[in-house]
Amino acid sequence: MADFLPYIVAKYNYWAALVLLLIGLYGMIAKNNLLKKVIAMSIFQSAIILFYVSMGDKKGSTIPILLHGHGEHGALAIDPSQYANPLPHVLMLTAIVVGVSTLGVALAVLQKIHRVHGTIEEDEILESIEE
Amino acid sequence: MNWDASLLWQFDVLIITMVILCAVAALTVRDLVSCAIIGGAYSFLMCLLWTEMLAVDVAFTEAAVGAGVSTVLLLGTALHIKRKSKD
């Protein structure tokens, strides 16, 4: 246990991503209100984004903008270990924008459901369909 | 010029704790408008976390799109439909 503990503490970002992932999954499955399901979906998405951005972080590095990139000998001696990995950042930038458009479509469908059934509680919608 | 951003792990732990609290609160609060506002706070804390993790481009996209636009969308929907949630 004592030598297992440092692994948990050192990787706390991944544990946070895991906890948020499970919170989002729980909300999508167990919540009765459709708006809460949509919010849980966006929590789930940002947990995945957190996981990917965590992979790009390095100890002792700085933001991925080239230092001393100007002048005569600029950009010749780049040490990649000084910068955080920008590839996961770029991928997750796309994921954020896609996530917002998913949210917009989901909320539009939700308002349409509310207009037809008069409620966004899942059990009441099921009752309204049965009738 | 080299600074060690990972020295700020205390901020990381603080922000992660607040993010998880916001996520739990957004799913447990019964009023849907407060649910949307807590979702906005969650997005803003996520933005702070990504600045901590050296992803500044992701951070400002999240601040504009996540904390801005999606909060407005959620708030507009929550105001249009019945405000109270059963769970």
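1. Chain A has five helices and zero strands, where a helix is a DSSP run of H or I with at least four residues, a strand is a run of E with at least two, and both are numbered from the N terminus. Along the sequence that reads α-α-α-α-α. Keep in mind that this is a predicted model: local features need pLDDT of at least 70, side-chain atom pairs count only at pLDDT 80 or more, and totals for chains, interfaces and linings use all residues. Residues are numbered from 1 along each chain as its sequence is written, while chains are lettered from A and ligands numbered from 1 in the order in which they are written.

2. On overall shape, the radius of gyration (over C-alpha atoms) is 22 Å for chain A, well over the 14 Å that the globule rule gives for 131 residues, so the chain is more spread out than a compact globule. That rule is 2.2 Å times the number of residues to the power 0.38. Taken along the principal axes, the C-alpha atoms of chain A fill a box of roughly 75 × 45 × 10 Å.

3. Now for the partner. The contact takes 43 residues from chain A and 39 residues from chain B; two residues are in contact if their C-beta atoms, placed from the backbone, lie within 7 Å. Helices H2 (12-30), H3 (34-56) and H4 (86-117) of chain A each give two or more residues to the side that touches chain B. H4(A) gives the most, with twelve residues.

4. Inside chain A, take the contacts between residues at least 6 apart in sequence: 54% of these join residues at least 24 apart.
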